[in-house]
Amino acid sequence: MTNQIEKTIELKAPVDRVWLALTDSAEFGAWFRVKLEDPFAPGELSRGHITHPGYEHLVWEARVVRMEARRLFSFTWHPYAVDPNMDYSGEPSTLVEFRLEEIGSGTRLTITESGFDALPAHRRDEALRMNDGGWSAQTQNIAAHVQS
Amino acid sequence: MSSPERQVRPADPAPIFAALGDRTRLSLLTRLSDGRARSISTLSADARMTRQAVTKHLRVLESAGLVSSIRVGRESRFAYRPEPVIEARSYLDRVSAQWDDALGRLRTFVEGPGPI
């Protein structure tokens, strides 16, 4: 167990294609399964309805943080906000970052979701540095113990 | 009354992650993870920390449910509770699985011609 989720995927599609699929809100909505009302813009709240079968009653909400063309797209949101009766707005949000890298004619996409420990984003880097990697190793130890 | 949908919603994991995100508290937990309950004096001697500092960290762990305290005579003893770690882990697993699904659809979307 770690403090963040990281996924890397190599896509057989050029960076421009992937960038568009991530940052054009209609394209994003098509694969992420959410119908978004407005284009993405840094600092702006993005809202829409989930279109994933069985979850149509849910509202999707995220605030775009950075859009650095063909490199980095990020937003904050409330992870796993699946209960329509629950108000998640007061809860800590996590930071989702999509990083793009050109590899040949394809794209390496790395997604990280961090901040599960509720640290504000501006303190996150500092705190992670201080923790020095020991955090995740030790937590793994505890988890291993627990599951043995 | 609880419904099946309710069970999908995990307890708020943020306090658990926050409690775990500290080197001193992790070392206290690691110390306790053998299952034996220990007093504040024992733990502060082991950690070469003051009783006050150890007490403060134990209270944070206790409020996140990561340790429980029992009174033995005149002193409190603290024991590790594994449930929140399991909960936090399964929460991350669920978020992680959501990303796997989404990335699978992204791949189909950018690599393939047709609709997904």
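Predicted model: local features only at pLDDT ≥ 70, side-chain atom pairs only at ≥ 80, totals over all residues.

Trainee: Why is Arg33(A) called partly exposed?

Mentor: A residue needs 20 or more other C-beta atoms within 10 Å to be buried, and 12 or fewer to be exposed. Arg33(A) has 19 C-beta neighbours inside 10 Å, so it counts as partly exposed.

Trainee: And what makes the backbone of Arg33(A) worth a look?

Mentor: Its phi is near 70°, a positive value in a residue other than glycine. Arg33(A) sits in the loop between helix 2 and strand 2 of chain A, just after helix 2.

Trainee: How do you know that Arg70(A) is partly exposed?

Mentor: The reasoning uses the cut-offs of 20 or more for buried and 12 or fewer for exposed. Arg70(A) has 16 C-beta neighbours inside 10 Å and therefore counts as partly exposed. Arg70(A) is not a glycine either, yet has a positive phi of about 65°. You will find Arg70(A) in the loop between strand 4 (59-68) and strand 5 (72-77) of chain A.

Trainee: Back to helix 2 of chain A: which residues are buried there, and why are they said to be on the same side?

Mentor: In that helix, residues 25-32, the buried ones are Ser25(A), Phe28(A) and Phe32(A). They cover an arc of only 60° around the axis, which puts them on the same side of helix 2 of chain A.

Trainee: What covers the buried residues of helix 2 of chain A?

Mentor: The cover includes helix 1 (15-23), strand 2 (34-36) and strand 3 (45-50) of chain A, along with helix 6 (83-111) of chain B.

Trainee: Which residues touch the most other members of the largest nonpolar core?

Mentor: Leu29(B), Leu61(B) and Val67(B), in a core of 23 residues. Two or more residues each come from helix 2 (14-20), helix 3 (23-32), helix 5 (51-63), strand 3 (75-80) and helix 6 of chain B. Helix 2 of chain B gives the largest share, 5 residues. Apart from this core lies another, of 22 residues, including Trp19(A) and Phe98(A).

Trainee: What is Val67(B) in contact with, beyond its neighbours within four places in sequence?

Mentor: Among its contacts are Leu32(B), Leu58(B), Leu61(B) and Phe78(B). Two residues are in contact if their C-beta atoms lie within 7 Å, so each of these pairs meets that limit.

Methods
Residues numbered from 1 in each chain as written. Chains lettered and ligands numbered in written order. Helix = DSSP H or I, 4+ residues; strand = E, 2+ residues; numbered from the N terminus. Arc of directions from axis to C-beta. Core = buried A, V, L, I, M, F, W, Y, C linked by C-beta atoms within 7 Å.
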